[in-house]
Amino acid sequence: MTLSRKCVPFTPFERELAKSTIAIVTAGGVHLRNQEPFNIADELGDLSFRIIPPDVDSSQLMVTHHHYDHADADEDINVLFPVDVLRDLEAEGFIGGVARKHVGYMGYTMQLKAMYEGTAPEIANEIDRGSRADAVVLTGG
Amino acid sequence: MKGIPTVLITVSPEVSAQMRPPRALYPKGFKVGNSVGRPGMRELQRTVLRDALGLLLENTRPGEVVTREYRDYGEQYAPPRVRDGK
């Protein structure tokens with residue numbers, strides 16, 4: 001196994017969870033039913049991402065991804081994009097709230113450099129600007 | 001940009017460890033596509049998400065994946081492996 005030689009981008013967390021707003025970023029190909037699906041026909045992968053609003057009805061979310069079996073997510077999107085679960089944790093006071101922006105992208109690409117230098121910082125910028133997220137939960141493979 | 005604290009929930013711990021994530025939880029034996037549990041298992045989903053968020057407060061070692069077991073999940077699956085030859 002080869003470890004990444006890049007330094008670990010560790011950002012300290014110096015807040016209380018009960019006062020913190022949490023965002024979800026998933027590589028699982030999650031998007032709104034009325035958003036453009038990811039392009040699974042492109043063998044190089046789709047470098048785009050979709051912004052998911054905080055008040056989303058989870059039944060309006062779906063998965064476009066052809067590199068894993070997403071039948072379980074089709075049945076309950078929370079297994080991969082736990083937005084209703086976050087709401088539960090907010091209701092019980094474990095976290096402060098659900099962030100204003102969440103992100104879905106298709107975590108498969110042959111264009112690693114473009115993903116690392118383009119898509120990833122663009123997603124980070126989206127979270128940084130206007131999501132009010134104090135921390136991010138990442139899900140994927 | 002000063003950075004955003006993250007915690008990864010991975011079901012491919014060996015693959016994820018290669019990228020040395022700042023904080024990561026592997027719910028042992030969960031299959032790909034089941035990051036926080038199976039469909040409809042809301043209590044388990046809450047437990048896994050609480051544990052993942054809890055890593056933000058723990059003195060974890062950046063770059064390492066923390067493994068936890070969840071008996072309620074039921075049948076376990078072998079995670080994807082990194083291909084040999086590297």
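Two residues are in contact here if their C-beta atoms, placed from the backbone, lie within 7 Å. With that settled, here are some notes on this predicted model.

1. **Arg46(B) and its surroundings.** Once its neighbours within four places in sequence are set aside, Arg46(B) is in contact with Val85(A), Asp88(A) and Leu89(A). Is Arg46(B) buried or exposed? Arg46(B) counts as buried, because 21 C-beta neighbours fall inside 10 Å and the cut-off for burial is 20 or more. Within its own chain, the C-alpha atom of Arg46(B) is separated by 7.9 Å from that of Val36(B), 10 residues apart along the chain.

2. **The side of chain B that touches chain A.** Stepping back to the whole interface, 38 residues of chain B are in contact with 38 residues of chain A. On the chain B side, the elements giving two or more residues are strand E1 (6–9), helix H1 (13–18) and helix H2 (42–54). H2(B) gives the most, with seven residues. Sorted by class, this side of chain B has 20 nonpolar, 11 polar and seven charged residues.

3. **Strand pairing between the chains.** The two chains also share strand bridges: E7(A), residues 135–139, is joined to E1(B) by four bridges, and the two strands run parallel. One of the pairs to look at is Val136(A), whose bridge partner in E1(B) is Thr6(B).

4. **E7(A) inside chain A.** E7(A) has a partner in chain A as well: strand E1(A), residues 21–26, pairs with E7(A) in the parallel sense over five bridges. There, Ile22(A) stands opposite Ala135(A). In a regular strand the side chains alternate between the two faces of the sheet. For E7(A), Ala135(A), Val137(A) and Thr139(A) lie on one side and Val136(A) and Leu138(A) on the other, and all are buried, so that both faces are covered. Since five of the five residues are buried, E7(A) is largely enclosed by the rest of the structure.

5. **Geometry of helix H3(A).** Does the length of H3(A), residues 112–128, agree or disagree with what its residue count should give? At 1.5 Å a residue, its 17 residues should span 24 Å, and the end C-alpha atoms are 22 Å apart, which agrees. The helix bends by about 25° at Thr119(A), and Pro121(A) follows within four residues. After H3(A) comes Gly130(A), whose phi is positive, near 85°.

Terms used: Residues are numbered from 1 along each chain as its sequence is written. Chains are lettered from A and ligands numbered from 1 in the order in which they are written. This is a predicted model: local features need pLDDT of at least 70, side-chain atom pairs count only at pLDDT 80 or more; totals for chains, interfaces and linings use all residues. Ala, Val, Leu, Ile, Met, Phe, Trp, Tyr, Cys and Pro count as nonpolar, Asp, Glu, Lys and Arg as charged, and the others, Gly among them, as polar. Two strands pair if DSSP finds at least two bridges between them. The expected span of a helix is 1.5 Å times one less than its number of residues. The bend at a residue is the angle between axes fitted to the seven residues ending there and the seven starting there. A residue is buried if 20 or more other C-beta atoms lie within 10 Å of its own, exposed if 12 or fewer, and partly exposed in between; C-beta atoms are placed from the backbone.
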